[in-house]
Amino acid sequence: MKRKNKFSMPVKYVLLILSMLCIGLCGLSFTELSAAPFLKDLTSHILIPSQQGLNHIGQWFSDKADNLKKLREVMAENEELREQNNALMQENSRIALERTELEQLRQIYHLDETYEYPKIMAKVIGKDPGNWFQIFQIDKGSADGIEVDMNVLSGTGLVGIVTSVSEHSAIVRSIIDDSSNVSAEFSITSDICNVKGDLSLINEGKIRVEDILKDAEVENGYTVVTSHISTKYLPGILIGYVSDISIDANNLTKSGYITPVVDFEHLTYVLVITELKKH
């Protein structure tokens, strides 16, 4: 057996009936003064509660509309603040990059004054994958006078050496590369050593120094520079500072580590010495 649907009336019809009832009662109040007490009671029991209910409904809708308006205003304000925040972050990133670039240019300027060799400034335009600049490309080539085996500087000292050249660019191998070997010496004692690249150590900020004679009187913190007997590197270019010197297993030589003076994680500009080592 089917259940009967509950009777329901659209709200607009309820409001229409109540409105007509109000109008009718108002008319009766003018024509039948004797009905005044009855109308008063009817008004107090029906019309006033109905009016109050309608007022509550109207206030509810008004509050909801106000809340919706405020929500839209807050959302619009949040979107504006988000855009401003993104713009500020981009601006801060740009300023940080410019500050880093400016600092590197200052270092290049001081480096140019430190070494009296003829030099040309170049910008790094490419590198091998990874965090470190062990092999990278510069924007100067043979058209600018760049040749293979020219020494490359940055920061406060030696970066590496040019390994290949095209007309408008060149490839540089830095001293941290595993295949790099630099004949070096201690600036205080002139004892000869070999600086060997080791990418496995560069995360610690170090590379290797080997073949130090056992009797060499060298200590931690001594300065290491390119040697006068090197076949490719010009003499006296700062490489870094030695640490953790120990005697090798052969009991004939000593080895240790060097902290390079160049930041091989951030290279933007370099100086290429346009003079080759004379044999």
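How many helices and strands does the protein chain have? The protein chain has two helices and twelve strands; helices (H or I, at least four residues) and strands (E, at least two) are DSSP runs, numbered from the N terminus. The model is predicted, so that local features need pLDDT of at least 70 and side-chain atom pairs count only at pLDDT 80 or more, while totals for chains, interfaces and linings use all residues. Residues are numbered from 1 along each chain as its sequence is written, and side-chain values use heavy atoms, with hydrogens and water left out.

Begin by selecting the whole protein chain and colouring it by secondary structure. Along the sequence, the pattern reads α-α-β-β-β-β-β-β-β-β-β-β-β-β.

Next, display the surface. The protein chain exposes about 17800 Å², of which carbon and sulfur atoms supply 56%; accessible areas come from the Shrake-Rupley method with a 1.4 Å probe, and for residues only the protein chains shown count as cover. Of its 279 residues, 32% count as buried (under 20% relative accessible area; exposed is over 50%, partly exposed in between; 1.4 Å probe, protein chains only).

Now select Asp149, in the loop between β2 (135–138) and β3 (151–154). Its phi is near 80°, a positive value in a residue other than glycine. Asp149 counts as partly exposed because its relative accessibility is 25%.

Finally, move to Asn251, in the loop that links β10 (238–247) and β11 (253–260). Asn251 is not a glycine, yet its phi is positive, at about 60°. With a relative accessible area of 43%, Asn251 is partly exposed.
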